[in-house]
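Reader: I would like to learn how to read a fold from its atoms. Can we take it one feature at a time?

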Amino acid sequence: MSSSPSPLRSARGSRLALLVVGLCWLAVLFDGLDMFIYGSVLPHLLETSTFGLTADQAGDLGSYATFGMLVGALAAGTIADRIGRKKLMVSCVTLFSLASGVCALADSVTVFGLGRTLAGVGLGGLLPTAISMVSDYAPRGRGALVIGLLMTAHHAGGILSAYVAKWLIDPVGWRAAFWVCVLPLLFAPVLAKLLPESLSFLVAKGRGEEARALAERYDVEVPAARTRGAGDRWTNLANLFRGDEWIQTLLYWVASFGGLLLVYGVATWLPTLMRAEGYALGSALSFVVVFNLGGIVGMLVAGRAADCFGAPRISALWFALTAAGVFLLSIHMDMTVTMIVVFFTGVFLNSAQTMIYATVSIRSDADHRGTAVGWTSGMGRFGAVFGPWLGGRLLASGNGDWGFTAFAIAGLSSMVFIGTAALRSSRRTATDSERELVAAH
């Protein structure tokens, strides 16, 4: 008797995948909206001296959210293992929605900063959990596709944030933009009702029968049970520093630091820096739209390019092109030319960091690959905290013109570090392994 899934079961599995991916996509859309909304309203906050806000304080506020994201990302795995992926996603959406309400009601920099920090915790915990969820329910052979689609939601949220700011700030005020970010709170009950629990979580908790019944009903695979002990995570971490591996590990970490410094520095300060270059506020917010459109295209292009040429090469090349684009933004050009530069900067910037993770995955041994990628991401988060702070300090000291240059230097440094790491380990890489792992990423 054939073990091939029937058309009916395959259709039901596809419907379940569509439901899970759709719900997670919306959650990540709201994540992107909340993440980018601060950068979109920041030029107005500075121009009106809201709360007596200065450029250096604005940079600190941007770092509060990214620090919260660092905490949320590091805590997400442990919390999800206790309460489940579904409950954690619902909790994260609830947290960053309520935190936006704190920002909307804030009467001081301190309260506003608290709101952004709490929002960051929710934002940081949501994305890795959503990736885990869609990976569990992706149709066979479509894991890379659905993760790529999921990542486009974050940039779609960035586009939405620019339009929210353009439509609401002048007629209503900046607080209205944060009230819009509270609306995802209405989505939390929908998520709680319709989103199934993660199969990985059910298996890990010994709820195998429940997992098998769900998988059989919708024709998805049950993840294999984990057999390694908790202490293995520290053994795997130690393996990253054995022999000459410590050099390789630090190169990856520093490259990730520079990459996320660049990503979050530009995401926070792009509208403000473009205003400093003489563009009107409406035009500066249009740049956010174009930048994130480039990010969507970049996410879909980068993986395909890596399949053809190798993730390490694409990562280094993407950072070089990003640095060139960011540096060009420091020059006041014709509006059409500037839009083109912003678009292609978004294409390369928003996927260059992803290629670091792909490179680490390719170059790492299978038994500690997850640890290598996780710690590379975690160390990079410190760059995400530093980037918004750096932009604020440069503007506060009257060196705003150096903002784009500083971010361009970060891009060049990441190019050098990831390129060096790739060259050092090239002898251990096989072409077939590269193609398989990048596709899985």
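Reader: Is the crossing in which H2 passes H4 left-handed or right-handed?

Author: One caution before the answer: this is a predicted model. H2 passes H4 in a right-handed crossing.

Reader: What describes a pair of packed helices?

Author: Two packed helices are described by the angle between their axes and the distance between the axes. Here helix H2 covers residues 55–83 and helix H4 covers residues 109–137. They pack at an angle of about 35 degrees. Their axes are 6 Å apart.

Reader: Which residues of H2 and H4 make the contact?

Author: H2 brings Leu61, Tyr64, Ala65, Gly68, Met69, Gly72, Ala73 and Ala76. From H4 come residues including Val109, Phe112, Gly113, Arg116, Gly120, Gly124, Gly125 and Pro128. By class, the contact of H2 with H4 has 11 nonpolar residues, eight polar and one charged.

Reader: Now the whole chain. How many helices and strands does the chain have?

Author: The count is 17 helices and zero strands. Of the 441 residues in the chain, 54% are buried. Sequence range is another thing to read. Take contacts between residues at least 6 apart in sequence: 82% of them join residues at least 24 apart.

Reader: Which residues have the most contacts inside the largest nonpolar core?

Author: Cys24, Met89 and Phe407. That core has 125 residues. Helix H1, residues 7–47, gives the most to this core, with 17 residues.

Reader: What is Phe407 in contact with, leaving aside its neighbours within four places in sequence?

Author: The list includes Leu261, Leu262, Val266, Trp269 and Leu273. Val326, Gly387, Leu390 and Gly391 are among its contacts too.

Reader: Why does Thr152 count as buried?

Author: Use the cut-off: buried means under 20% relative accessible area. Thr152 has 9%, so Thr152 is buried. Thr152 lies in helix H5, residues 143–168. Beyond residues up to four places away in sequence, Thr152 touches Trp25, Ile296 and Leu300.

Reader: What separates the C-alpha atoms of Ala188 and Val93?

Author: Ala188 and Val93 are 95 residues apart along the chain, yet their C-alpha atoms are separated by 6.3 Å. Ala188 sits in helix H7, residues 187–194. Leaving aside neighbours within four places in sequence, Ala188 is in contact with Val90, Val93 and Thr94. Ala188 is buried, with a relative accessible area of 6%.

Reader: One more residue. Where is Asp56 found?

Author: Asp56 is in helix H2. Asp56 is partly exposed, at 26% relative accessible area. In sequence, Asp56 and Gly391 are 335 residues apart. In space, they are 8.1 Å apart, C-alpha to C-alpha.

Reader: Which residues does Asp56 touch, not counting those up to four places away in sequence?

Author: Asp56 touches Gly392, Arg393 and Ala396.

Conventions:
Residues numbered from 1 in each chain as written. Predicted model: local features only at pLDDT ≥ 70, side-chain atom pairs only at ≥ 80, totals over all residues. Heavy atoms only, no water. Axes fitted to C-alpha atoms, helices over the stretch in contact; angles between N-to-C directions. Helix = DSSP H or I, 4+ residues; strand = E, 2+ residues; numbered from the N terminus. Left-handed = near helix turned anticlockwise from the far one by under 90°. Contact = heavy atoms within 4.5 Å. Nonpolar A, V, L, I, M, F, W, Y, C, P; charged D, E, K, R; others polar. Core = buried A, V, L, I, M, F, W, Y, C linked by side-chain atoms within 4.5 Å. Buried < 20%, exposed > 50% of the residue type's maximum accessible area, 1.4 Å probe, protein only.
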